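Grab a pencil and work through these exercises with the model open beside you. Each task comes with a solution that goes one step at a time.

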Amino acid sequence: MQGESTDKRVVIARFSAPYGVKGWVKIYSYTDPIENVFTYTPWQVNHGGQWKALKLESFKPHGKGLIAKLAGVDTPEEVRAFVGAEISVFASQMPDLEDGEYYWSQLENLLVYTESGVLLGRVDHLIETGSNDVLVVKATKESIDDAERLIPYLPDQVITKINLESGELRVNWDPEF
């Protein structure tokens with residue numbers, strides 16, 4: 001099993017609400033397609049300040065969403081203790097990507113510079129829109145200003161370079177936006 005001290009956790013979903021009376025829980029998945037959340041096991045959850053591996057007993061699509069039954073969780077009351085918690089897996093459990101492809105978690109916390117070297121801020125998170133993903137860039141102490149920027153994730157158009165080793169991302173972006 002992957003070691004906690006050497007392997008970063010990646011958030012793939014969250015528990016959203018109890019479902020029924022037999023310990024099922026609604027899952028809000030961040031994977032694409034959403035059903036892929038069930039291919040990564042074991043799930044890790046920070047429960048009461050301690051990381052705990054959770055075993056899935058069963059799972060299935062339900063309407064436009066997903067539900068799951070966790071082993072040893074048999075009542076709605078037990079499920080409520082998990083509601084709102086994020087579901088993580090170890091980064092080493094994620095499939096390797098093609099060159100030039102990145103998981104959102106790899107882009108978060110990168111410093112964002114313009115092509116001319118102006119620091120715009122740090123990637124706080126990404127949001128999915130209908131046409132393309134968007135980087136939410138929040139200012140740092142060293143940024144050009146205190147503005148929060150929404151920068152479209154469009155490789156080769158707006159995103160010109162990503163360097164995970166140096167923790168930097170370069171963009172073709174006007175700081176006035």
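**Exercise 1. Find the residue that stands opposite arginine 122 in strand 10.**

Step 1: Strands here are DSSP runs of E with at least two residues, helices are runs of H or I with at least four, and both are numbered from the N terminus.

Step 2: Now zoom out to the two strands. Strand 9 (residues 119–128) and strand 10 (residues 133–138) run antiparallel to each other, with 6 bridges between them. Two strands count as paired if DSSP finds at least two bridges between them.

Before you go on, a word on the ground rules. This is a predicted model, in which local features need pLDDT of at least 70 and side-chain atom pairs count only at pLDDT 80 or more, while totals for chains, interfaces and linings use all residues. Residues are numbered from 1 along each chain as its sequence is written, and side-chain values use heavy atoms, with hydrogens and water left out.

**Exercise 2. Work out the strand order of the open sheet of 6 strands, and name its edge strands.**

Step 1: Trace the sheet across, and the order reads 11-10-9-8-13-12, with mixed pairing.

Step 2: Check the edges. Strand 11 (149–152) and strand 12 (159–163) each pair on one side only, which makes them the edge strands.

**Exercise 3. Which salt bridges does lysine 138 form?**

Step 1: Recall the cut-off: a salt bridge has a side-chain nitrogen of Lys or Arg within 4 Å of a carboxyl oxygen of Asp or Glu.

Step 2: One partner of lysine 138 is aspartate 124, at 3.9 Å from N to O. This pair links strand 9 with strand 10, across 14 residues of sequence.

Step 3: Another partner is glutamate 148, with 3.8 Å from N to O. Glutamate 148 sits in the loop between strand 10 and strand 11, 10 residues away from lysine 138.

Step 4: Check the surroundings. Lysine 138 is partly exposed at 34% relative accessibility, and aspartate 124 is partly exposed too, at 37%. (Buried means under 20% relative accessible area, exposed over 50%, and partly exposed in between, with a 1.4 Å probe and protein chains only.)

**Exercise 4. Is glutamate 57 buried or exposed, and what about its salt-bridge partner, lysine 69?**

Step 1: Locate the pair. The closest N and O atoms of glutamate 57 and lysine 69 are 3.8 Å apart. Glutamate 57 belongs to strand 5 (residues 56–62) and lysine 69 to strand 6 (residues 65–70), so the bridge ties together parts 12 residues apart in sequence.

Step 2: Compare the accessible areas. Glutamate 57 is exposed, with a relative accessible area of 52%, whereas lysine 69 is buried, at 5%.

Step 3: Count up. The structure holds 7 salt bridges.

**Exercise 5. Decide whether threonine 114 is buried or exposed, and list its contacts.**

Step 1: Go to strand 8 (residues 111–114), where you'll find threonine 114.

Step 2: Threonine 114 is buried, with a relative accessible area of 2%.

Step 3: Ignore the neighbours within four places in sequence. Threonine 114 then touches Leu120, Arg170, Val171, Trp173 and Pro175, where contact means heavy atoms within 4.5 Å.
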